[in-house]
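Let's take a friendly walk through this model, one region at a time. Keep the structure open beside you as you read.

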Amino acid sequence: KPVVVESKKRYVLLNKPAGYVCSLADEKGRSTAAELLAPHFSERLYNVGRLDMFSQGLVLFTNDGDFAARVSHPSSQIEKEYLVDATQAIPQELVDRFCRGIRIDGIFYRCLEARLVHPRRLIVVLIEGKNREIRRVFEHFEIPIRRLTRVRIGNLNMDSLEEGKFRELDAAQVSGLLALCQEN
């Protein structure tokens with residue numbers, strides 16, 4: 001099969017709906033976030049980072065491997081902001097311990113920032129974003145999450161991007177995101 005070098009680098013921000021897997025293909029046949037973009041791009045785009053199937057919000061896609069490696073590496077220190085809507089009041093102890101750091105099943109979780117904006121809504125900012133980190137902290141405190149939405153990645157906000165829709169990033173947005181990356 002001939003290998004062709006991509007002629008154009010693409011940088012796409014998708015507002016992923018819940019129910020989609022962040023993978024190029026799923027062995028269980030579930031819908032993937034990449035499928036939402038496939039009809040619109042001839043290039044093979046892959047996700048930079050992940051959101052679990054039940055979470056929604058911003059996910060980056062690109063065909064630029066250097067960009068993906070730099071932005072997704074934990075040492076880049078790129079902030080990711082989430083809105084967490086719970087089914088019951090979120091205790092201040094959860095907020096305080098998540099900010100100080102908490103060990104759950106041998107894994108240490110700590111957010112950069114967390115603040116209650118409503119008794120059942122929390123804004124959380126993560127740098128590293130371990131697998132299902134927010135969900136595990138909430139499960140530890142036995143607080144069910146109703147909705148988990150990533151609303152910001154570095155300098156990129158959701159703005160008016162509707163669920164299931166995407167927008168291509170302009171050069172200033174791409175360079176702005178790269179400028180936020182700490183040197184490895």
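## Two loop residues with positive phi

Arginine 132 sits in the loop that runs between strand E8 (121-126) and helix H4 (133-140); helices (H or I, at least four residues) and strands (E, at least two) are DSSP runs numbered from the N terminus. Its phi is positive, about 55 degrees, although arginine 132 is not a glycine. Most residues other than glycine have a negative phi. Arginine 132 counts as partly exposed because its relative accessibility is 30% (buried is under 20% relative accessible area, exposed over 50%, partly exposed in between, with a 1.4 Å probe and protein chains only).

Aspartate 105, in the loop between strand E5 (102-104) and strand E6 (107-109), also has a positive phi, near 50 degrees. At 79% relative accessibility, aspartate 105 counts as exposed.

## About the model

This is a predicted model, where local features need pLDDT of at least 70, side-chain atom pairs count only at pLDDT 80 or more, and totals for chains, interfaces and linings use all residues. Residues are numbered from 1 along each chain as its sequence is written, and side-chain values use heavy atoms, leaving out hydrogens and water.
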